[in-house]
Amino acid sequence: MKELLTQPWTHWLVRGCIAVVATIFALGLSAQLKRLLTWAFDRAEARIEKRAHALGLRGIASISGPAVATLLDTIAGLLRSVLMAVIFYAWLVLVAYLLDDSHEYAWLILNPLEKSMGKVGAALTHFLPDLVIIVLIVAFGRVIQSMIRAFTKGIALGRVTAFGLDAAVATPTHRLLSFFLWVSMIILAAPYLPGSESKAFQAVSVMLGLLVSLGSSSLMSNLIGGLTLTYSRAYRIGYRVRIGEHLGDVVLLGAITTRLRTIKDEELILPNGFVLSSVIKNYSRHAPTTGVQANAQITIGYDVSYVVVEALLVKAALATSGIAAEPTPYVLQLELHDYFVRYEVCAYTRLPNELHLIEANLRRRVQDLFFEAGIEICTPAVMALRDGNEPMMPAVYKKNPSEHFDEETAAEVQKGLDRSFRVRVDSSPD
């Protein structure tokens, strides 16, 4: 047996068997590698989806699911290629080592790897001080991030009221401070990253700077507008507002745009820079407390006493659904025209998002009550000629002018009543 083992061909047979076994093992491992990686990445994708559902991000998961699957498949393909290269390289070194007593070919194959690993080791050693600085920057940023989280949580719970902040600005404040924090960390850490001094890195930096400088004017205008609108509390989501000529309910107050839903269910997307430069009418700010006013205007001739008109207008307001009894509706005389008086009834409601419907119903009630009272709302233009009849005024003043005017005025009114006037009614004053 000893003599058999000392034979040269025995050593070559053993080495050949080991090489054959290694080859079979490498081929089998390569064949199973794709199945193992597919199984592992499928489990990873399922865990990511389960985690997203647990966090309440189902909508985001449904949208980003195909993208995540594609990314994982790409990573799996790259990892499979790398592992196949490693298996082939290890098999090649083993076979070269077994089939060559001098091991010259094995060291020839290992020499490039040794040099590459030496360079990698030297690069890592040179990078260690920069890595320490990057780790310190990240650790410091995480500490500040925790402080920001505590600060914004205090705002949301009402514990922090500095600078007039309230719970409504807690979320945008957290996002804003976090954004500026991580941007600052990236700027601080960029010089310590590997390849930061390369021409490619510098070219990317120049391109990004150019893009920012070209689009910064409008972008910064909208961003500043969004910040101003958020912290000035000009309006909130759900408020009924008028921005310039646009009337609607605020659907979204974003960093760059504001979305309005009009009374015709149209969605308007307004840049925050435009919003900030426009006049903003907020109908919902004081609606829960004092209410917002619903208005309706009407013109009535001088032959109807303002006492009757104002009483009917107040009655119409109180009969309108959505109008509050307190504060009491009131009436203004806006204009004493040549042929009519312009009245405006003002009533309070606490339903600002239904203001257009309430005002429409108020106009309907005004028509109903005035028609029931026999008062014509359509006021004609009246032109008096010298040979006409009596002047146009309420009948109560014509019976006995002295009861309503002083002596001088009553005498003038009586003279007008004694004169002969002929009145012609026309649709225009011409």
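This is a predicted model: local features need pLDDT of at least 70, side-chain atom pairs count only at pLDDT 80 or more; totals for chains, interfaces and linings use all residues.
In what sense do β6 and strand β8 pair, and over how many bridges? The pairing is antiparallel and runs over nine bridges, with β8 covering residues 341-349.

The protein contains 11 helices and 10 strands. It has 430 residues, and 27% of them count as buried. Its accessible surface comes to about 28,700 Å², and carbon and sulfur atoms make up 65% of that area. Contacts can also be sorted by how far apart the two residues lie along the chain. Among contacts with a separation of 6 or more, 65% are between residues 24 or more positions apart.

Now return to the sheet. Three strands form an open sheet in the order β6-β8-β7, and their pairing is antiparallel. Its edge strands are β6 (292-300) and β7 (330-336), each of which pairs on one side only. On average, neighbouring strands in this sheet are turned by 25° against each other, direction ignored. One place to look at the pairing is Thr 299, whose bridge partner in β8 is Arg 342.

Two helices can be followed from here. Helix α8, made of residues 306-318, packs on the sheet and touches β6, β7 and β8. The direction of α8 makes about 30° with that of β8. Helix α9 packs on the sheet as well, touching β6 and β8. In this case the angle is given against β6, and it is about 35°.

Helix α9 spans residues 355-372 and holds both Asp 368 and Arg 365, which are three residues apart, or about one turn of the helix. Their side chains meet in a salt bridge, with N and O 3.1 Å apart.

The protein has five salt bridges in total. Another of them joins Asp 265 to Arg 261, where the closest N and O atoms are 3.0 Å apart. Asp 265 has a relative accessibility of 54%, so it counts as exposed. Arg 261, at 45%, counts as partly exposed. A further salt bridge links the side chains of Arg 240 and Asp 249, at 2.6 Å from N to O. Is Arg 240 buried or exposed? Its relative accessible area is 3%, so Arg 240 is buried; the cut-off for buried is under 20%.

The last stop is Gly 226, which is found in helix α6 (residues 199-231). Gly 226 is buried because its relative accessible area is 3%. Which residues is Gly 226 in contact with, leaving aside its neighbours within four places in sequence? They are Gly 254, Ala 255 and Asn 272. Pro 271 lies 45 residues from Gly 226 along the chain, and the C-alpha atoms of these two residues are separated by 8.7 Å.

Methods: Residues are numbered from 1 along each chain as its sequence is written. Side-chain values use heavy atoms; hydrogens and water are left out. Helices (H or I, at least four residues) and strands (E, at least two) are DSSP runs, numbered from the N terminus. Buried means under 20% relative accessible area, exposed over 50%, partly exposed in between (1.4 Å probe, protein chains only). Contact means heavy atoms within 4.5 Å. Accessible areas come from the Shrake-Rupley method with a 1.4 Å probe; for residues, only the protein chains shown count as cover. A salt bridge is a side-chain nitrogen of Lys or Arg within 4 Å of a carboxyl oxygen of Asp or Glu. Two strands pair if DSSP finds at least two bridges between them. Axes are lines fitted to C-alpha atoms, for helices over the stretch in contact, and angles run from 0 to 180 degrees between N-to-C directions.
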